[in-house]
Amino acid sequence: MRSRRDFLASAAGAATFYALPAFGQSAATQVVGVSRRGVGAIKVTALLDGFIPLEPSTLTGSDPAQIAALMQSAFLSGTAVDTSVNTYVVETGDRTVLVDGGVVIGPDGAPAFGPTTGKTGAAFEAAGFNADQIDTVFCTHLHPDHIGFFLDGAEARFKNADLVVHEADHAFWTAAENFTGADEQTQSFAAAAQAVVAAYGDRVSLVKGGAAVAPGLEVMHLPGHTPGHSGLVASSGDQSLLIWGDIVHVGVAQFAQPGWTIGFDVDQPAAAATRKKLFDQVATDRLEIAGAHIDFPSFGHLVKAAEGYRFAPSRWDHQL
């Protein structure tokens with residue numbers, strides 16, 4: 001387990017991973033990102049918050065020659081990959097669960113990671129949902145690209161919902177001593193997490209791995225990226241889907257090289273170990289996955305390859 005100091009240093013050094021100059025560019029926008037998928041009787045709707053340009057060269061352990069080859073094989077040019085930020089709404093019939101909430105919106109109304117992000121609200125509305133429908137908000141982890149839509153200003157957006165988060169993530173982000181002397185960016189991460197927790201107050205529900213969020217929805221603890229980082233397994237009949245949070249950030253690189261990590265991992269060795277173990281599990285079990293930073297809409301499977309794994313996107317679900 002790495003020390004808090006190691007984490008703070010690596011997080012500060014990873015700031016260049018987010019290619020900030022690209023945020024200022026003007027570009028035509030795509031249609032609002034909404035995609036629905038059936039998992040037995042459960043309905044899962046992927047919502048696109050936007051994208052963040054990420055540079056695979058800043059992944060810890062990465063090799064420039066391998067990155068160049070992987071980018072070429074994926075028909076990608078340049079040094080950055082426009083990486084999706086995805087959120088989900090899961091409908092079980094009796095319950096409606098929002099999984100993650102996209103990028104934090106600042107006091108000035110601007111998304112924290114630039115104008116290519118912060119679109120969860122538009123996608124949520126376009127998909128036909130409203131805040132009163134949501135009775136559970138599940139947070140894979142309390143990073144600022146996962147909690148933005150949980151708030152309306154400083155208030156909880158979802159008045160009828162509990163905020164469900166793994167107890168280890170809650171403990172880490174709400175402990176002020178973990179961030180004493182931290183750099184400004186890390187302090188802002190902690191402040192954003194603490195603001196969400198404070199807004200939901202006594203409606204914060206702390207869970208462990210294996211807990212049932214709702215019938216057919218089970219928490220899977222996937223530590224490393226953060227101490228309480230978790231996925232959510234939706235199961236109905238003989239079908240299952242794992243929404244795995246931030247198991248990967250740059251799929252073009254990390255599917256092939258699961259040992260490569262990102263500086264924002266609180267515990268990089270643990271994050272790599274979790275990823276390697278989970279890759280083997282989902283490939284062996286043929287378990288469908290979805291993730292916060294897999295190309296939208298992100299549904300698919302992992303297949304073992306000559307080097308690491310490859311991602312096989314799910315076909316469009318014509319009938320839900």
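A pocket is an open set of points, on a 1 Å grid over the protein atoms alone, with protein on both sides within 12 Å along at least five of seven lines, whereas a cavity is a set of points where a 1.4 Å probe fits but cannot get out. Lining residues have an atom within 4 Å of a point. Grid points are joined across faces, edges and corners, and a volume is the space filled by probe spheres set on the points.

The views show a predicted model, in which local features need pLDDT of at least 70 and side-chain atom pairs count only at pLDDT 80 or more, while totals for chains, interfaces and linings use all residues. Residues are numbered from 1 along each chain as its sequence is written, and side-chain values use heavy atoms, without hydrogens and water.

**View A. The second largest pocket.** This pocket holds about 480 Å³ of space. Its lining has 24 residues, with A74, L76, G251, V252 and D295 nearest the centre. Two or more lining residues come from each of α2, β3, α6 (251–254) and β16 (309–313); helices (H or I, at least four residues) and strands (E, at least two) are DSSP runs numbered from the N terminus. The lining comprises 14 nonpolar, six polar and four charged residues, where Ala, Val, Leu, Ile, Met, Phe, Trp, Tyr, Cys and Pro count as nonpolar, Asp, Glu, Lys and Arg as charged, and the others, Gly among them, as polar.

**View C. The open sheet.** Seven strands run in the order β1-β2-β3-β4-β5-β8-β9, with mixed pairing; two strands pair if DSSP finds at least two bridges between them. At the edges, β1 (34–39) and β9 (204–207) each pair on one side only. From one strand to the next the twist averages 25°. Eleven bridges join β2 (residues 42–54) to β3 (residues 81–91) in the antiparallel sense, and G50 stands opposite V85 in β3.

**View D. The largest nonpolar core.** Such a core is a set of buried (under 20% relative accessible area, 1.4 Å probe, protein chains only) Ala, Val, Leu, Ile, Met, Phe, Trp, Tyr and Cys residues joined through side-chain atoms within 4.5 Å. Among its 49 residues, F150, F158 and Y200 touch the most other members. Elements supplying at least two residues each include β2, β3, β8 (162–166) and α4 (167–174). The largest contribution, seven residues, is from α5.

Conventions:
Axes fitted to C-alpha atoms, helices over the stretch in contact; angles between N-to-C directions. Buried < 20%, exposed > 50% of the residue type's maximum accessible area, 1.4 Å probe, protein only.
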